[in-house]
Amino acid sequence: MKKLLNTVYVTTEGAALKKDGENLVAEVEGAEKARVPLHMLASVVAFGPILISPALIGICAERGITIALLDRIGRFQARIEGPVSGNVLLRRAQYRVADAAEDIVRSIVMGKVANQRAVIRRSLRDYGGEMPAAAREALEAASDRMAMILRRVQLTDATVDEMRGSEGEAANLYFAGFDHLIRSPDAELRWTQRSRRPPLDPINALLSFLYTLLTHDCRSACEAVGLDPAVGFLHRDRPGRPSLALDLMEELRAPLADRLALSLVNRRQLRAADFRQMEGGAVLLTDDARKLVLTAWQERKKEERLHPFLAEKAPFGLVPYLQAQMLARHLRGDIDAYPPWFWS
Amino acid sequence: MLVLVTYDVRTLEDGGKRRLRRVARACEDYGQRVQFSVFEIEVDPAQWAKLKARLEGIIEPAHDSLRYYYLGANWTRRVEHVGAKPATDLNGPLII
């Protein structure tokens, strides 16, 4: 199996990244802070004003190491990528299927709803006894409704638009109960509703940040197996939107990003003081908190789980790559359906 | 897998210093220097074959020596560090 390669995150303002032989060298104020052989890297993510030498950009492009440039608060800005990889036949198959992708969309929606439901079930199992009765009942009801939606998606010949509707319905149920999953006593760390661009409260800020990291990984995974990240099935095409990466990400949002956000808040690793409010209402992570989240994210990616379809243990961080590979196999006709990744 | 590479290059005569630099350079390209002539190198078998050929092309077998210690894939339990200059965990979170 493919090895989980590492990602370098550069958050120190004014840091300089250079190539030295076959190494990436990071310097801060002239002092060498890190030296990493390129063969151990999958990507570099730079936050804000970071200097990257042309020689390093060149060799990263050649080696298939992607460089993502985010602004200081973690919003995507640009991405540097080498020549398009992979097979033109695979891409053609992807474009053909994209116009009639009911089966793939069904798999994606089922994976997503099942994993959202698993997050709720997990909280009920672990803390259900300590929850107020009203919260427990609300979560149980949401979980039952989601099970119904799952059956409906699985059994009927729904159109892509109908399945988009089911997905939205499940997402509403899931986020309506999300506040019950938060156990932090901090009054600021509560959930009302999803807000983005900009996130308007701490939990939304945390989710948005984790989703950015996950999108990056999913997009890299599409590129790595030779799929076009812009042509999606569940997400409609829109210029500049990595629709396929977003499709791939749907199954993974709840178990990878939402669960991590909940753990960080519920274990009180993150508190209200770790967020600051900007003018205009946007809420952001502080610099130190961002480092903490990045560390937790990288650690989480190393945790191993059994892959339900491959029946092999794989680290979380490889799941986007494995799912992209599974999708490619399905498009090539090697397997009959795209098997979603179910978290348990 | 992790390979520990150590070397001795004789630098007395002409060209010795150059060989020493080139050996160090080759090791640096693939791994991390943990002590003066000791490198920890994490590679897959293909990468290792390349590096090995490169190293053995540089040295002068009559004067220099290379030693490889193969620590396998589960090497983390087999390596312990005491004292100054601990090695960075290149598989851990890399946040600068």
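How much area is buried between chain B and chain A, and what percentage of it do carbon and sulfur atoms give? The legends below answer this and describe further views. The structure is a predicted model, in which local features need pLDDT of at least 70, side-chain atom pairs count only at pLDDT 80 or more, and totals for chains, interfaces and linings use all residues. Residues are numbered from 1 along each chain as its sequence is written, chains are lettered from A and ligands numbered from 1 in the order in which they are written, and side-chain values use heavy atoms, with hydrogens and water left out.

**Figure 1. The interface of chain B and chain A.** About 1800 Å² is buried between chain B and chain A, and carbon and sulfur atoms give 58% of this area. Buried area is the accessible area (1.4 Å probe) that two parts lose on being put together, summed over both. Leu94(B), Ile95(B) and Ile96(B) supply 40% of the area that chain B buries against chain A, more than any other three residues. In this interface, 16 residues of chain B are in contact with 28 residues of chain A, where contact means heavy atoms within 4.5 Å.

Figure 2. The partners are Asp20(A) and Arg25(B), whose closest N and O atoms are 3.0 Å apart. On the side of chain B that touches chain A, α1(B) provides the largest share, four residues. Helices (H or I, at least four residues) and strands (E, at least two) are DSSP runs, numbered from the N terminus.

**Figure 3. Strand pairing between the chains.** Strands β1(A) and β5(B) run parallel and are joined by two bridges; two strands pair if DSSP finds at least two bridges between them. Tyr9(A) has Ile95(B) of β5(B) as its bridge partner.

**Figure 4. The two domains of chain A.** Chain A is divided into domain 1 (6–85) and domain 2 (91–332), with bounds that come from an automatic or database domain assignment. The centres of the two domains, taken over C-alpha atoms, are 27 Å apart. Between the domains, 18 residues of domain 1 are in contact with 17 residues of domain 2. About 1500 Å² is buried there, 49% of it from carbon and sulfur atoms. Between these domains there are zero salt bridges, but three residue pairs, both at pLDDT 80 or more, are in polar contact. On the side of domain 1 that touches domain 2, β1 (6–10), β5 (41–47) and β7 (66–70) of chain A each give two or more residues.

**Figure 5. A hairpin in chain A.** Strands β11 (residues 304–307) and β12 (residues 312–315) of chain A run antiparallel and are joined by four bridges. His307(A) stands opposite Glu312(A) in β12(A). Four residues lie between the two strands of this hairpin, and Ala311(A) in the turn has a positive phi of about 50°.

**Figure 6. A salt bridge within chain A.** Glu22(A) and Arg63(A) form a salt bridge, with their closest N and O atoms 2.8 Å apart. The pair links distant parts of the chain, 41 residues apart: Glu22(A) lies in the loop between β2 (16–20) and β3 (23–28) of chain A, and Arg63(A) in helix α1 (residues 54–63) of chain A.

Notes. Salt bridge = Lys/Arg side-chain N within 4 Å of Asp/Glu carboxyl O. Polar contact = N/O pair within 3.5 Å; in protein donor to acceptor, adjacent residues only side chain to side chain.
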